[in-house]
Amino acid sequence: MKDTTKLRGLYAITDSKLLGEERLLPYAEAAVKGGARLLQYRDKSSDDTRRLREADALREICGRHGAQLIINDDAELAARLGVGLHLGQEDGSLSVARALLGRKAIIGATCHARLDLAEQAISEGASYIAFGRFFDSNTKPGAPSATPELLAEARQRFSVPITAIGGVTLDNAPGLIAKGASLIAVVHALFAAESASEVERRAQAFSQLFAID
Ligand SMILES: Cc1ncc(COP(=O)(O)OP(=O)(O)O)c(N)n1
Ligand SMILES: Cc1nc(C(=O)O)sc1CCOP(=O)(O)O
Ligand SMILES: [Mg+2]
């Protein structure tokens, strides 16, 4: 099994609507230069050619900066590139994905606010579990809500890394880390920025929160 002790820090998640094609690569590179440990490629389109091209470029960028690329939703694309995968509850079987990607791949699972889903995901081979949404989210306002107290309970029960997602900002992230989040997953507060250099500055600030924990 992959060494998951390194799964701690900023988890940057791209959003195709927010970034568009032009900003995707420079902004993603700024995030990993700023210290993001994981970068998730989250693109809901069905343009497979563009998705493969962009994901491949992101893999190369992550490789140069010591970060890990995670593909959202698409096990086939993750397998093709030999990178990690994030699956939601409607995105297919985690066990099948684990068999496809192998024991070393990072595979994460959405667990909303439910410890039973986390237990199930871990039993099927999840490398990390993700809870959310903790705050109002620009990117996914309708996601089911979760409370920071859930993190403390999950931290007590499970030893795999825990991701907190949904409306995470520089102001509220410390409270989530204090409750036991190993990874803080961020779209808007990281990437809704005027320039790549601003994304890098924000990524550094998020990453710094873990240095002082
Ligand atoms: C790290 C992380 N956590 C949760 C999600 C949400 O996954 P899902 O519920 O499948 O929703 P979509 O992102 O696919 O819209 C995630 N992507 N990453
Ligand atoms: C993709 C996603 N999943 C969520 C969940 O709760 O499962 S919240 C979310 C969006 C996260 O973006 P932002 O940092 O802009 O709120
Ligand atoms: Mg999904």
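**A guided reading of the model**

Guide: Cys111 counts as buried, because its relative accessibility is 0%. Please keep in mind throughout that this is a predicted model.

Visitor: Is Cys62 buried or exposed?

Guide: The term buried applies under 20% relative accessible area. Cys62 has a relative accessibility of 1%, so Cys62 counts as buried.

Visitor: How many disulfides does the structure have?

Guide: A disulfide is a covalent bond between the sulfur atoms of two cysteines. The rule applied here asks for a pair of cysteine sulfur atoms within 2.5 Å. By this rule, the number of disulfides is zero.

Visitor: Which residues form the aromatic pair, and is the pair stacked or edge-to-face?

Guide: The structure holds one aromatic pair. Its members are Tyr11 and Tyr128, with 5.7 Å from centre to centre and 90° between the planes. Planes over 60 degrees apart count as edge-to-face. The pair of Tyr11 and Tyr128 is therefore edge-to-face.

Visitor: How many residues apart are Tyr11 and Tyr128?

Guide: Tyr11 belongs to strand E1 (residues 9–13), and Tyr128 belongs to strand E6 (residues 128–132). The pair thus links distant parts of the chain, and the two residues are apart by 117 residues.

Visitor: Is Tyr128 buried or exposed, and what of Tyr11?

Guide: Tyr11 has 1% relative accessibility and counts as buried. For Tyr128 the relative accessibility is 0%, so Tyr128 also counts as buried.

Visitor: Which residues come nearest to ligand 1?

Guide: Around ligand 1 there are 16 residues. Those that come nearest are Arg42, Lys44, Asp91, Thr110 and Lys140.

Visitor: How far is an oxygen atom of ligand 1 from an N or O atom in the side chain of Lys140?

Guide: Several side chains have an N or O atom facing this question. In Gln40, such an atom is 3.0 Å from a nitrogen atom of ligand 1. For Lys140, the distance to an oxygen atom of ligand 1 is 2.7 Å.

Visitor: How much of the accessible area of ligand 1 does the protein cover?

Guide: On its own, ligand 1 has 420 Å² of accessible area. The part of this area that the protein covers is 90%.

Visitor: Which residues are the closest to ligand 2?

Guide: Ligand 2 is surrounded by 13 residues. The closest are Ser137, Thr139, Gly167, Val187 and His188.

Visitor: How far is an oxygen atom of ligand 2 from an N or O atom in the side chain of Thr139?

Guide: Backbone atoms also take part in contacts with ligand 2. A polar backbone atom of Arg133 is 3.1 Å from an oxygen atom of ligand 2, and a backbone N or O atom of Gly167 is 2.8 Å from an oxygen atom of ligand 2. For the side chain of Thr139, the distance is 2.5 Å.

Visitor: What share of ligand 2 does the protein bury?

Guide: Taken alone, ligand 2 exposes 420 Å². Of that area, the protein buries 94%.

Visitor: What is the relative accessibility of Asp91?

Guide: Asp73 is partly exposed, with a relative accessible area of 24%. Asp91 also counts as partly exposed, because its relative accessibility is 28%.

Visitor: Which backbone nitrogen lies 2.9 Å from a polar atom of the side chain of Asp15?

Guide: Asp15 is in the loop between E1 and helix H1 (16–33), and at 12% relative accessibility Asp15 counts as buried. A polar atom of its side chain lies 3.2 Å from the backbone nitrogen of Lys17. The backbone nitrogen at 2.9 Å is that of Leu18.

Visitor: Which residue has its backbone oxygen 2.8 Å from a polar atom of the side chain of Ser207?

Guide: Ser207 is part of helix H9 (residues 196–211). Its relative accessible area is 19%, so Ser207 is buried. The backbone oxygen at 2.8 Å from a polar atom of its side chain belongs to Ala203.

Conventions. Residues numbered from 1 in each chain as written. Chains lettered and ligands numbered in written order. Predicted model: local features only at pLDDT ≥ 70, side-chain atom pairs only at ≥ 80, totals over all residues. Heavy atoms only, no water. Phe/Tyr/Trp six-rings, centres within 6.5 Å; stacked < 30°, edge-to-face > 60°. Helix = DSSP H or I, 4+ residues; strand = E, 2+ residues; numbered from the N terminus. Buried < 20%, exposed > 50% of the residue type's maximum accessible area, 1.4 Å probe, protein only. Near = heavy atom within 4 Å. Polar contact = N/O pair within 3.5 Å; in protein donor to acceptor, adjacent residues only side chain to side chain. Areas by Shrake-Rupley, 256 points an atom, 1.4 Å probe, with all protein chains shown as cover.
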